[in-house]
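Please read it alongside the coordinates.

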Amino acid sequence: MLARYNPQEIEPKWQQRWAEDKLYEVSDSDPRPKWYALTMFPYTSGDLHIGHWYAMAPSDVHARFKRMQGYNVLHPMGFDAFGLPAENAAIKRGIHPFTWTMQNVVNMRRQLKSIGAIYDWNREVVTCLPEYYKWTEWFFLKLYKHDLAYRAKAPVNWCPQCQTVLANEQVLEGGFCERCGAGVTHRDLEQWFFRITKYADELMQHDGIDWPERIKIMQRNWVGRSEGTEISFALDHPGVAEKEILVFTTRPDTTFGVTFMVLAPEHPLVAKLTAPEKKAEVEGYIARSRRATEIERLSTEREKDGVFIGAYVVNRLNGEKVPIWIADYVLMSYGTGAVMGVPAHDERDFAFAHRYNLPIRVVVAPSDWDGGELEEAFIGSGVMVNSGQFDGIPSEAGIDAVTDFLAEKGWGKHTTSYRLRDWLISRQRYWGAPIPIIYCEQCGIVPVPEKDLPVLLPEDAEFKPTGESPLKYHQKFVNTTCPKCSAPAKRETDTMDTFMCSSWYFLRYTSSECDTASFEADRVKSWLPVNLYTGGAEHAVMHLLYARFFIKAIRDIGLVDFGEPFTRLFNQGVIIVERQKMSKSRGNVITPDEYVSELGADAVRTYLMFIGPWEQGGEWDDSGISGITRWLNRLWNLVLTGYRRSKDVSPEVRQNAERELSRFTHQTIRRVTDDMERIRFNIMIAALMEFANYLAKVAETGAVSPSAWEEAIDSLLRLLAPTTPHLAEELWQRTGREYSIHNQRWPQWDEELAKEEEITLVVQVNGKLRDRKVVPASITEVEAMQIAAESTRVQPYLEDKKIIKRIYVPGRLVNFVVK
RNA sequence: GCCGAAGUGGCGGAAUGGUAGACGCGGCAGUCUCAAAAACUGUUGGGGGGCAACCCCCAUGUCGGUUCGACUCCGACCUUCGGCACCA
């Protein structure tokens, strides 16, 4: 009696054996070529959900595939452990963020082990441990020293009721505090930034890296480079030192059409320029705009409103007085925080001018223009009019002509502007890596000396529900002495954005036990850059852009010798539940644990890969998982039920059957290998299913020799090993093969053996399918044409018609175009 | 709103300019069984025709275009998903 497939028994057994044998321990000195397969590490949210499995299981399959191909594979795992939810747990449930996080780590590590992946746990990193964040702080000091970190004012969400800073996530739709419901406003704080904009141009380049086109496009749009002109408008206002306001425009050719100027409400000149009688209105408008989110402010659908502040600038090109307005569709963080209003040639300005009855002056004439008023903004090109000495010039040429003229006069210059802003890393929170800076009254900003790192998070911080950053009220933490002059001084109480922790964790995996450096240079040199980085598509822009910036920055500092951290990138799609992204706060989390304990890790791994293209993700639906379980059972029975050769098979039939078996085997190896390389897991599984179905038929007929059968089974098991590591190992052992299958080589295919002998030739008339003919693969064009023309199914469509064209696609079809 | 994707049987999907629906789920019929479950076998896009082997027409979100030929390329629109800088 054949034993039943029992994953509950074999999976723990092999996981234990592999661990005992240290099968997946990675050696740095292994002479084989290296392959670094990195999966984005999970945030320590508490439980591994099915979305995590969707990220981890397929990437493990690919890493195992590379391993069998003969690479020394590093496929590490760790935890992104700082962040907001830990602090929320502290406030809500009175549990310390460290305790909460480490409990989660323990649970998630256990869950991760159930996947049956090749993680080498000796290399695990946990970003909230001092031995890790010491080096996060160290990197901050490096960036600071090389002038890549600076302080500036920036707005934060502020709840006046709770007296606290809120994350965007904590602000409900309509701008209300999630905790108390009060209206959230923005408040400016002095904060730390990294100069990512210094690398804007380089970040737009993705030369030499194999990334999905859509991700590259998103990153380029995020950086948003735009060529234009900075124009100075003359300012002469009593009691104001500034003598100009700068604007950025991509359309200097329309400068003669300026009829107003718009400043961002946050613009520093607004307070100085506002006329006394306008003060109340302006301040009211500013207060309102401080409550709007950036998405709201930039929406092109929202009605543009604004307020005249009662002051003017002068357009130097024509000497005209131009009224200054403020409007919240202008952001302080883009360009110069000021735009010139050219209603005739910009849609937003047109709407704005209409609303407030501002003049609309045409300065670029549309080709069919009658000199009258415009129905809508004309944003195309034409001939310049009403533009002084530039009249008659085509507006495209006018862009340079006006810019050159302005530059000559010292009134402007060609410049490049970016949508990308510098990276704000300050967080007014406890649970993050402290920013290692000390403020001394005498010496100013003083970095913590490297020998004093890490700046430790105090364990006994208070998590008052209405407080600000707990560090701010922790006297022992705040009060220190200046490293330079030893006078009493205060520590920075903000911590770092967690994207900082995740910008270098992949370096740490190479040297996780090293306590004398952030990483060992020779180990990073041999492992990095990462060969294949996989993770959620939700990280397409921010994390991936920050990590690229970080590596470029430390390359220029001289710490690494490469500029791109991830050679190949693959973003899997998002698993959604009830049409929404899975998240604890939405309460729609699907845990894999029950599936794993009931059906086994191999079944869950396989199912997740089978449900569709990995990059697409999709709605979670477990209705098909039984198909995978059935298939694994069939594989078990197929391999373990002894093969019986049929006696009444002629030598000729046997020879044909064996040739066909070998062809199918080699075609399958080719398909599976190709699908693995191209990360097309769903059709890879389908190919394996087809192979297994075919083998079942072969077993039924018994037409091939036992040795031919064994050869096919051998290939099948090797092809299965990455996807179903436990099942493959068990079957490998039960069929008397040498432990471990995971140290075996990936099978090779022979192109000759895989070759088809026959093809189906499709015959079309005017592109419509009319017949199919099975013909030898070696058929010539002349033969194919003849067979096609002679087809009795095709003939009726050719009668009384003239063939005007014959199309032949070798190995595929013949198409007669008739009239 | 802006940026990036996706839309194909009852369902997940396959087909990357050349046979639409591979593979799987579900359904239906059968085998086994006292019965059921499991397992196995067959069948399964819609409509029409034929006793039958089969044949014809329609069909890839909507509308239009390019091409001998379009799920695939181009344009417009609709719907859904991801991101929008403090969730990570």
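1. Chain A exposes about 37,600 Å², and carbon and sulfur atoms supply 49% of it; accessible areas follow the Shrake-Rupley method with a 1.4 Å probe, and for residues only the protein chains shown count as cover. This is a predicted model, in which local features need pLDDT of at least 70 and side-chain atom pairs count only at pLDDT 80 or more, while totals for chains, interfaces and linings use all residues. Residues are numbered from 1 along each chain as its sequence is written, chains are lettered from A and ligands numbered from 1 in the order in which they are written, and side-chain values use heavy atoms, leaving out hydrogens and water.

2. Composition and extent. Chain A has 819 residues, of which 53% count as buried (under 20% relative accessible area; exposed is over 50%, partly exposed in between; 1.4 Å probe, protein chains only). Its secondary structure comes to 27 helices and 32 strands, taken as DSSP runs numbered from the N terminus (helices H or I, at least four residues; strands E, at least two). The C-alpha trace of chain A spans about 110 × 85 × 50 Å along its principal axes.

3. Packing of α7 and α17. The axes of α7 (residues 213-223) and α17 (residues 542-557) come within 10 Å and cross at roughly 75°; the two helices are therefore roughly perpendicular (65 to 115 degrees; under 35 is roughly parallel, over 145 roughly antiparallel, the rest oblique). Axes are lines fitted to C-alpha atoms, for helices over the stretch in contact, with angles from 0 to 180 degrees between N-to-C directions. Gln 219, Trp 222 and Val 223 in α7 meet Met 542, Leu 544, Leu 545 and Arg 548 in α17, contact being heavy atoms within 4.5 Å.

4. Helix α17 itself. Of the 16 residues of α17, 13 are buried. Just after α17, Gly 558 adopts a positive phi of about 100°.

5. Backbone features to inspect. Most residues other than glycine have a negative phi, and most peptide bonds are trans. Asp 147, not a glycine, has a positive phi of about 60° and lies in the loop between α5 (130-145) and β3 (149-159). Ser 486 likewise has a positive phi, of about 65°, and is exposed at a relative accessible area of 53%.

6. Cis peptide bonds. The bond from Leu 453 to Pro 454 is cis, with omega near -5°. Leu 528 and Pro 529 are also joined by a cis peptide bond, with omega about -5°.
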